Structures are given as structure tokens and as C-alpha cells.
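User: Hi, I'm new to this one. Can you walk me through how the helices pack and what pockets there are?
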Amino acid sequence: IAIHNGADDNASGTVGLLETARRIVETAKQSPADKPRRSILFMTFSAEELGLIGSEYYVNHPRFELAKTVAMLNLDMVGRLSDNVLTVYGTGTAKEFDDLLTRSNEKLGFDIKRQPEGVGPSDHQSFFLKGIPVYHFFSGFHPDYHRPSDDFDKINVEGISKIVDMVVFLTDNIAHAPDRPVFLRSAATKVRLGVRIKQGEPGLVVERVMPGGWAKKAGVEPNDKILKIGDRQVGAREDMDEALGSYKPGDDLEVQVQRGEEKVTLKASIGT
């Protein structure tokens, strides 16, 4: 019943991508002899909200041989930088990525929240599951998430520009490096349900079920409310993370959800 302009999610990422491309092209014009060892492909994906459909299609029908894709950098919601806090996922998906991120931040001075895993509710997951190292840049959730109030007047444009500084540095280093990043699959060992939780609602209400995760396999549905993980009651995201911390890939997991008026117990093994 109302227009959702999606200024942060994800017009901010689209703007960041275009600005990254503009800066890299301008630099190439100024230093034509300094050619990168690798091509840089700029791409946007549709249908991420419906389950990573666009990016999953691409990795199964790539424009270039996927074995030659050495990294994927994902800008999803980078428009609300606050207190200089930037979350970066995928820092453990390549042997070099943690140190490279540190070097990129020497002048920028972000308060970086490092998340080593490559599995998560955005398009980088499609690439990670194909054995490609990833970075995902994210400036944080807010009360306007998925609401008509997510509009331009609340965007931190200078923050986007500063994040692009980091993305350009990382892209340039990966493109010029003598060797490709060394992929680390161990970044997938942190157990996740494979859902996105609705923001601004009480409890753990599922907004989206991600492809390839435990929730998809177990039969979790959008609008299910998660009540228990194993024998532990959960009511907040922190409860969920703590409860999942006692599990590892390969374990069987049982989750109870509220589906309408019914309580449903769902079971499946956690993927390895």
C-alpha cells in the first residue's frame, strides 16, 4: 500500500558498485601501463530477496568460467554507516583476507566488526558455496529496514564513499596480486539456520528462508516464529546465536516454531 524506495536496501549497494567502477576506470586511464593481472567484472543481481535467485543462477551459468573467478566483493546495505562501525563478512574465506582488510583500514579507521563466515543472507553466499572467497560489506540494520521510510533523506552519502574507498583498495589489490587468494572452506563451520529474521518485530519471526541452508532442508517457512532450538527456549537473536553455538556441521538439529495457531517441530541434519 506504500512505495518502498529501498534507499539503503539496496540502492546504497548499487550506488557503491557504480562508484567503485567509476573510480577504478578513472585510475586505469591515469595509469594505463599499470594493468591488473585479472579482469574485474561489475554485476548486480535481481531476486536476492526471493532466495538469492539471481546470483545462484549466475554461478550455475557464469559469463566467464567460474574456476577463473578468484573473489567476489558484495555491497549489500552500505548506506547507514553510524559511529564509523562497518561489518565485514567473509574475512575467513581466504588465507589473505583478514590481513588484507587490516591494511585497507589503516587510513580509513573503521571500527570493523569481522565475521569470518562466507554463508549469510546475501548474494556472496552463492559464490562462497562454489568455493570462491568473498567479502560482504554491511553498515547495519535499522528500524526503516524493509519499510517505506527507507528513503534517501536518511542515507549517509559520505559513509558510502568511505566504504567505496575500502572496496576499491581491496579490489585493486586482489586484481594486481601475483597469486589468487587461497580459499578456506572452514569459514562455513559456524552453524546458522539459514534464515533472515524480521527487524522491528518481537521474537524471532522468519522473514526469508535462504537456499542451501538448514532451514530450507527442514521446511521452515516465512512468518514462522522460532520458539526453541534443541531443548532451549529462544526469544532474541542473541539466544539463537548462543543456542546454535553448541552445534557443529553434521549434527542433527531440532527446532520448534509457531506456525499460525500450531506449534511445529522441524528436524534435519546440519550441512557440512
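Analyst: A definition to begin with. Axes are lines fitted to C-alpha atoms, for helices over the stretch in contact, and angles run from 0 to 180 degrees between N-to-C directions. Helices (H or I, at least four residues) and strands (E, at least two) are DSSP runs, numbered from the N terminus. This is a predicted model: local features need pLDDT of at least 70, side-chain atom pairs count only at pLDDT 80 or more, and totals for chains, interfaces and linings use all residues. Residues are numbered from 1 along each chain as its sequence is written, and side-chain values use heavy atoms, with hydrogens and water left out.

User: OK. At what angle do α1 and α5 pack?
Analyst: About 50°, with their axes 9 Å apart. The two are therefore oblique to each other. (Angles under 35 degrees count as roughly parallel, over 145 as roughly antiparallel, 65 to 115 as roughly perpendicular and the rest as oblique.)

User: Which residues of α1 make the contact?
Analyst: S12, V15, G16, E19, T20, R23 and I24. On the α5 side are I160, S161, V164, D165, V167, V168 and T171. Contact means heavy atoms within 4.5 Å.

User: And how does α3 pack with α5?
Analyst: Helix α3 (residues 97-104) packs on helix α5 (residues 157-176) at about 130°, with axes 9 Å apart. That makes α3 oblique to α5.

User: Which residues meet there?
Analyst: From α3, F97, L100, L101, R103 and S104. They meet M166, F169, L170, N173 and I174 in α5. By class, that contact has 7 nonpolar, 2 polar and 1 charged. Ala, Val, Leu, Ile, Met, Phe, Trp, Tyr, Cys and Pro count as nonpolar, Asp, Glu, Lys and Arg as charged, and the others, Gly among them, as polar.

User: What lines it?
Analyst: The largest pocket has 43 lining residues, with V119, G120, P121, R192 and G194 nearest its centre. Helix α7 gives the most, 4 residues.

Technical notes. 1 Å grid on protein atoms, 1.4 Å probe; cavity = no way out; pocket = protein on both sides within 12 Å on 5 of 7 lines; lining within 4 Å.
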